Amino acid sequence: MQANVQISSGRIVSVGKKKPDSDLEIEATGLALTPGFIDAHGHSDISIIAAPEANSKVAQGITTEVSGNCGLSPFPVNELNREHLKQLYENYNCPIEWSDFSSYCRAVEIRCPALNIAPLCGHNTLRAAINGYSNSKLTPKQISETVTLLQTQLKQGATGLSSGLLYTPGCFSNSDEITALLAALMPFGRPYATHLRSEGNQLIEAIEEAVDSCIAAGQPHLHISHLKTSGKKNWGKLDEALELINKAPLRITADRYPYTESMTQLSIILPDNLASMPNEALSDYLQSEINANTVKAELRKYPAERWQTCRLVSTSAPRFKTMNGKLLAEFSDPAAVCVEIWRTDRSGAMAAFSAMSPDNLRKILRLEFVACGSDESARPLDYSFGVSHPRGFGSFPEFVRLLNGILSKEEIVRRMTSLPASIFNLTGRGMIKPGYHADLVLLDWQEYCSNADFNTPHQLASGVKLVLVNGIPAYGAAAPTPIARSGKILKPQLKEML
Ligand SMILES: [Zn+2]
């Protein structure tokens, strides 16, 4: 529909045919005005402090990100997990000096982020604050301490609970522990977002586990992060997974990034004992000719098909640093290339792996309960904090491209706005309605596209003319005043009983 939208003091005041009196008018004929896009799955926990401009995201029209995903949140922090988090975020040069949700929020707010942030509390960080990164089961006393610590973060305003049951130390948790946390989450009415314990070989069992834990705890809403069937031999499991989701007596929602390649360290293709080595130790290990030759011989046993699914994304190894974006299959001896890279690149080479089915991606994106989530942190244009997967700069335009002609524009926009707002209880956001916050995007649908790929991943999206965050211009050629950073930390209304 065509309408005039009036905003004042950060809120939408009116939407209608009648042209209101205003101090400032923006003519938008021929363009589309949508609610600001909500990234249902982000990892800007520290990058939003280190680079609050969030260029990669605002250029796509993203005005809010749900952060703290996959069990990894930047709070609560204490002497048991601070060192680990410092190492993990070493690149960002950002002192981790806060302790709980409230003090983390102050560290973000002081930097004036360009977009709104809704942080989930991550189970891995939470568990590590009670039991470190050891592989032991929690005792009943430790479970109750973890519950109390979660309640504190939720009372302070954390958006919900996330888990990453594939990662340390969440992978050591059992159902008693998860159920106890979900029972503590339930009275707050907030979502549980899980990176399932398995997304491939044990996908069905992992969905069953997530559903059973929610039922046992009385938690009515389960959100599955980056829903996928990982690994070719698991591509056929999608129908069974969807049947399980449909028949579960719960509200189940999901998010997905619109790509079939994941990105991680190149070294994960090594046998387990070497893949788990820190990058520098691996480099040292391969300085020995005997070790290097043994590893090469091992890698040469891999079927040729394997190298077709693996793409070099970034390396500082001198002979290969101009070859980013190449498939390993394009080299005559991929095993020798890998060994040379690990030997000389002590900071660790990154690679993309295409283990996901393009057909399943399309099927998943069509599902009415699936929101768009980038699974990336906000990045600057330069590579100062490392190399992003192209999804960091292109997820939203790619989501639109893949669904264009399949779903209506209105439905595609709903999945990027009011659906994630409802999943994460982002009250007053995700729609263009009087009283709602003025998070708005003005864009040209014809021009809206991603310019990022694995060769040049840090390229801003095209087609977005203006982004308003809380009524203030955050990005765009049509911005009438100097660009400002006006994002907030979004906190749910606290229920009286709590
Ligand atoms: Zn994840």
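Trainee: How many bridges join strand β5 to β6, and which way do the two run?
Mentor: 4 bridges join β5 (residues 62–67) to β6, and the strands run parallel. Strands here are DSSP runs (E, at least two residues), numbered from the N terminus. Two strands pair if DSSP finds at least two bridges between them.

Trainee: What kind of model is this, and how are residues numbered?
Mentor: It is a predicted model: local features need pLDDT of at least 70, side-chain atom pairs count only at pLDDT 80 or more, and totals for chains, interfaces and linings use all residues. Residues are numbered from 1 along each chain as its sequence is written.

Trainee: Back to the strands. What stands opposite Ile-117 in β6?
Mentor: Glu-65 does.

Trainee: Which way do the residues of β6 point, and are they buried or exposed?
Mentor: β6 covers residues 116–119. Asn-116 and Ala-118 point one way, Ile-117 and Pro-119 the other, and all are buried. Buried is 20 or more other C-beta atoms within 10 Å of the residue's own, exposed is 12 or fewer, and partly exposed is in between; C-beta atoms are placed from the backbone.

Trainee: What is the strand order in the sheet?
Mentor: β4-β5-β6, an open sheet of 3 strands with parallel pairing. The edge strands are β4 (37–39) and β6, and each pairs on one side only. Neighbouring strands are turned by 20° against each other on average, direction ignored.

Trainee: And how many bridges join β4 to β5?
Mentor: 3 bridges, and β4 and β5 run parallel. Ile-38 stands opposite Thr-64 in β5.

Trainee: New topic, helices. At what angle do α8 and α9 cross?
Mentor: Roughly 10°, and the axes of α8 (residues 203–217) and α9 (residues 238–247) come within 10 Å. Axes are lines fitted to C-alpha atoms, for helices over the stretch in contact; angles run from 0 to 180 degrees between N-to-C directions. Helices are DSSP runs too (H or I, at least four residues).

Trainee: What does that make α8 relative to α9?
Mentor: Roughly parallel. That label takes angles under 35 degrees; over 145 is roughly antiparallel, 65 to 115 roughly perpendicular, the rest oblique.

Trainee: Which residues make the contact?
Mentor: Leu-203, Ile-204, Ile-207 and Glu-208 of α8, with Glu-240, Ala-241, Leu-244 and Ile-245 of α9. Contact means C-beta atoms, placed from the backbone, within 7 Å.

Trainee: Last one. How is the chain divided?
Mentor: Into domain 1 (33–260 + 355–475) and domain 2 (263–352). Those bounds come from an automatic or database domain assignment. The contact takes 5 residues from domain 1 and 9 residues from domain 2.

Key: Two residues are in contact if their C-beta atoms, placed from the backbone, lie within 7 Å.
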